[in-house]
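Here is a briefing on a two-chain model. Read it alongside the sequence and coordinates.

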Amino acid sequence: MLSGRAVAILVAYQIRRSLARKRLMILIASIFLLEVVIYLVLTRLPPAFVRPLAGYAWVIGVLAPSTALIHVLSLMVGATTSAEEYEAGTADYWLTRPITRREYYIGNLAGGLTFISLLILLYSFFAAAISSYVFGPQTGLTTLPSAILSTIASALVFFSLGMAVGELLRRSMLSTILAGLIFFGSFIAETYINIVATINNDPSLLETVQYLPTWGAVRLASTTVFNGIDAPALGSIFLQFFTTLGRTSEILPLLVNITAYTTAALTITWVRFRYTDVTRRAL
Amino acid sequence: MSEIVAVQGLEKVYGEGVRVGPISLTVKRGEVYGLVGPNGSGKTTTIRAMLGLLKPTAGRVNVLGYDPFENPKTIHLHVGYSQEIPVFPPFYTARQLLTVTCRLKGFSRQETKQEINRLLDLTGLVNHADRKVGNFSKGMIQRLSIGLAMVGDPEMLVLDEPMLGVDPVGRVQIRDILRDLKKDGKTVIFSSHELYEVERLADRVGMVYMGRTVLENAVTELLNSRGGLKVVAELRKPLGPETLERLKNLGGIDEVRADGLYVTMMMNGVDLRDEVAKILANSGSGLLELKTHTPTLEEVFIKVVENALR
């Protein structure tokens, strides 16, 4: 049986560990900096351009990090959640306490996810607050909870991929680089295919991108928001900012993509962790 | 005494082609067991297999009646462990780490508080309880690690190189803790390549060399039977050939060496000092002194290793 106490202790530990990591803190700071810069730029744009968008300014702040930054952060958290524990030797500490491997795995997984979720929650409310303050009353804020939830769901893909690579390699830097290569490789491939499909006017090419890990992860939050705020024209303006977002109005295929990658990555992580030795810290 | 740990033919093949084993040992309830051997001999592999951190390639490991790899939680409820080089999350304080272990062992808040006070007192860390462990010295880390291993007064303690990197004062403290545990009848397994520590503290010893068990026995028995006694006699006059021959013919003496006024004898397994003293006293050479040198565990180990290599 799963011990709630053990899982709760590990969740608290993973949050503290993430907060103690400088690289992560730099990335978090850059997310908030991005928010500030976006709104600063918007205030400098011609009023005629900004006025129709002013009521939806919160959307930009909520979606901007979900294009890339939140995935980079998720893969970093994922890769270090597993690999750094072996590298630092703290896996030995935890796995010689009275906890099962299942509790350790679930605790670490939940801890990393809680940390990412809290961050998404924080910057989303920050974006909503700053938009209301700078651009006045915001429209469609009822979509904010589903926007936050879909961002959390989309962060799962690279968090779990990072965890899987971290568990396989058990070297945090190498795992972060490799998981980062998967993300940027997929991102670039998707952009390239989108461009080629547009130039050749060949929609069949767009079928291919559906199998890439970034497809669901990058699109889910924006699709949820644009479906929710009922402003398609506005949606296409925003989409021009994020060229790789593409256009899809269906949530289900995106969720299937996310679920498939997340399940596969978490299964690999569990199988590798459950049936192999706890690697000793390199002395 | 019943068996608490049984390792039978443990073998481990590491990815780089390094092979450890076969290692076999048994630890009985209530004994202090010293696992000795040079660096890289397989001590830590054995300990990690006993704690379920490592899956043996071959052989069987049984701790408290369980397979540790399959039942780590049960094992860690009853076994306290201190790592060779303890590593803790550096942002935790000693008190927080002790709290975590107490909570994981199922203690209530009140029990946790009492247990922490007991262990901080025992390990001499009362004044450092609220300092982050990232700022601890090696000795403090080692003492904290032993304190953590002792949370909940476990049935058995496994200490991997508990004296490593500890200053002389810290060593005395750790030695005292181990002596108290021995007095309380706890089962303690500790590994070390510092054999004088093992000789001082252990009831039984298992020797591993180049990845395999070369010997397992009670320390006192080992010192008597394996090391033998080295006896040096100082005489007024050199010993005659006849007396020398009589000494050589005494069953149980491996070697007799005369060097001027000194005669050195190696007794193997039997104490023949009475007989030797009588022969020398009646030899007419004038026995001045008979010095006995008891072998150290280190000497025994070297002898055993030499035999194993032959």
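Glu161(B) sits in the loop between S6 and helix H6 (168–183) of chain B. Its phi is near 50°, a positive value in a residue other than glycine. Glu161(B) counts as buried because it has 23 C-beta neighbours inside 10 Å. A residue is buried if 20 or more other C-beta atoms lie within 10 Å of its own, exposed if 12 or fewer, and partly exposed in between, with C-beta atoms placed from the backbone. Helices (H or I, at least four residues) and strands (E, at least two) are DSSP runs, numbered from the N terminus.

This is a predicted model: local features need pLDDT of at least 70, side-chain atom pairs count only at pLDDT 80 or more, and totals for chains, interfaces and linings use all residues. Residues are numbered from 1 along each chain as its sequence is written, while chains are lettered from A and ligands numbered from 1 in the order in which they are written.

- Asn201(A) is not a glycine, yet it has a positive phi of about 50°.
- Asn201(A) lies in the loop between helix H9 (172–200) and helix H10 (205–209) of chain A.
- Asn201(A) counts as exposed, because it has 7 C-beta neighbours inside 10 Å.

**Strand S7 of chain B**

- Strand S7 (residues 187–192) of chain B is mostly covered, with six of its six residues buried.
- In a regular strand the side chains alternate between the two faces of the sheet.
- On one side of S7(B), Thr187(B), Ile189(B) and Ser191(B) are buried; on the other, Val188(B), Phe190(B) and Ser192(B) are buried too.
- Strand S6 (residues 156–160) of chain B runs parallel to S7(B), joined by five bridges. Two strands pair if DSSP finds at least two bridges between them.
- Val158(B) has Ile189(B) as its bridge partner in S7(B).
- Strand S3 (residues 32–36) of chain B also pairs with S7(B) in the parallel sense, over five bridges.
- Here Val36(B) stands opposite Ser192(B).

**Three-stranded sheet of chain B**

- An open sheet of three strands has the order S2-S1-S4 in chain B, with antiparallel pairing.
- Strand S2 (19–28) and strand S4 (58–63) of chain B are at the edges, each with a single partner strand, so one side of each has no neighbour in the sheet.
- Neighbouring strands of this sheet are turned by 15° against each other on average, direction ignored.
- Seven bridges hold the antiparallel pair of strand S1 (residues 3–13) of chain B and S2(B).
- Leu10(B) is opposite Ile23(B) in S2(B).
- Helix H1 (residues 43–50) of chain B lies across S1, S2 and S4 of chain B, at about 120° to S1(B). Axes are lines fitted to C-alpha atoms, for helices over the stretch in contact, and angles run from 0 to 180 degrees between N-to-C directions.

**Helix packing**

- Two packed helices are described by the angle between their axes and the distance between the axes.
- In chain A, the axes of helix H4 (residues 57–67) and helix H7 (residues 101–135) come within 8 Å and cross at roughly 150°.
- That makes H4(A) roughly antiparallel to H7(A). Angles under 35 degrees count as roughly parallel, over 145 as roughly antiparallel, 65 to 115 as roughly perpendicular and the rest as oblique.
- The H4(A)–H7(A) crossing is right-handed. A crossing is left-handed if the near helix is turned anticlockwise from the far one by less than a right angle, and right-handed if clockwise.
- In chain B, helix H4 (residues 109–123) and helix H5 (residues 138–149) pack at about 140°, with axes 9 Å apart.
- That makes H4(B) oblique to H5(B).
- This contact joins Leu119(B), Leu122(B) and Thr123(B) of H4(B) to Arg143(B), Leu144(B), Ile146(B) and Gly147(B) of H5(B). Two residues are in contact if their C-beta atoms, placed from the backbone, lie within 7 Å.

**Chain interface**

- 23 residues of chain A are in contact with 20 residues of chain B.
- H1(A) gives the most to the side of chain A that touches chain B, with six residues.
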